Amino acid sequence: MVILITLVLGALLGVIFLASLVIKSGGARVVPPNPNEKTTKTYSKAEVALHNKKNDCWIIIKKKVYDVTPYVEEHPGGDAILAHAGDDSTEGFYGPQHATRVFDMVEEFYIGDLKE
């Protein structure tokens, strides 16, 4: 009996909650955002070019944009990372000096895609 009452009350509360959403939205269907769906930002080459300093360093690797500013000081190659700051670093990134772990590591700096 208690379980039945709990189920009925739960259903009623659910209906009341959904009705309040419809009223708040003016009758429009409310679709909650999907936390697994990421909106990808795009940047032009000109926008990326503005970030070409040690304290503001973006690079392009295979048409993806990365803000590597926090990594500049830690880069084992010193200021070599700045050679293509604000520009395409694909060739240097895939050079023989990089261990394969760098391919996973760079993803934490990903901020968007390059506009075509």
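In which sense do strand β3 and strand β4 pair, and over how many bridges? The close-ups below start there, after a short note on the model.

This is a predicted model, in which local features need pLDDT of at least 70, side-chain atom pairs count only at pLDDT 80 or more, and totals for chains, interfaces and linings use all residues. Residues are numbered from 1 along each chain as its sequence is written, and side-chain values use heavy atoms, with hydrogens and water left out.

View 1. Strands β3 (residues 56–61) and β4 (residues 64–67) pair in the antiparallel sense over four bridges. Strands here are DSSP runs of E with at least two residues, helices are runs of H or I with at least four, and both are numbered from the N terminus; two strands pair if DSSP finds at least two bridges between them. Look for isoleucine 61 opposite lysine 64 in β4. Two residues sit between the strands of this hairpin, and lysine 62 in the turn has a positive phi of about 50°.

**View 2. The open sheet.** Five strands line up in the order β1-β5-β4-β3-β2, with mixed pairing. β1 (42–43) and β2 (52–53) stand at the edges with a single partner strand each, so one side of each is left without a neighbour in the sheet. β4 and β5 (residues 110–114) pair in the antiparallel sense over three bridges, and tyrosine 66 stands opposite tyrosine 110 in β5. β1 and β5, by contrast, pair in the parallel sense over two bridges.

**View 3. The largest nonpolar core.** This core has 13 residues, and Cys57, Ile59, Ile61, Tyr66 and Val68 have the most contacts inside it. Its largest share, three residues, comes from β3. A nonpolar core is a set of buried Ala, Val, Leu, Ile, Met, Phe, Trp, Tyr and Cys residues joined through side-chain atoms within 4.5 Å; buried means under 20% relative accessible area, exposed over 50%, and partly exposed in between (1.4 Å probe, protein chains only).

**View 4. Aspartate 87 and lysine 45.** The side chains of these two residues meet in a salt bridge (3.7 Å, N to O), a term for a side-chain nitrogen of Lys or Arg within 4 Å of a carboxyl oxygen of Asp or Glu. Aspartate 87 lies in the loop between β4 and α3 (90–93) and lysine 45 in helix α2 (residues 45–49), so the pair ties together parts that are 42 residues apart in sequence.
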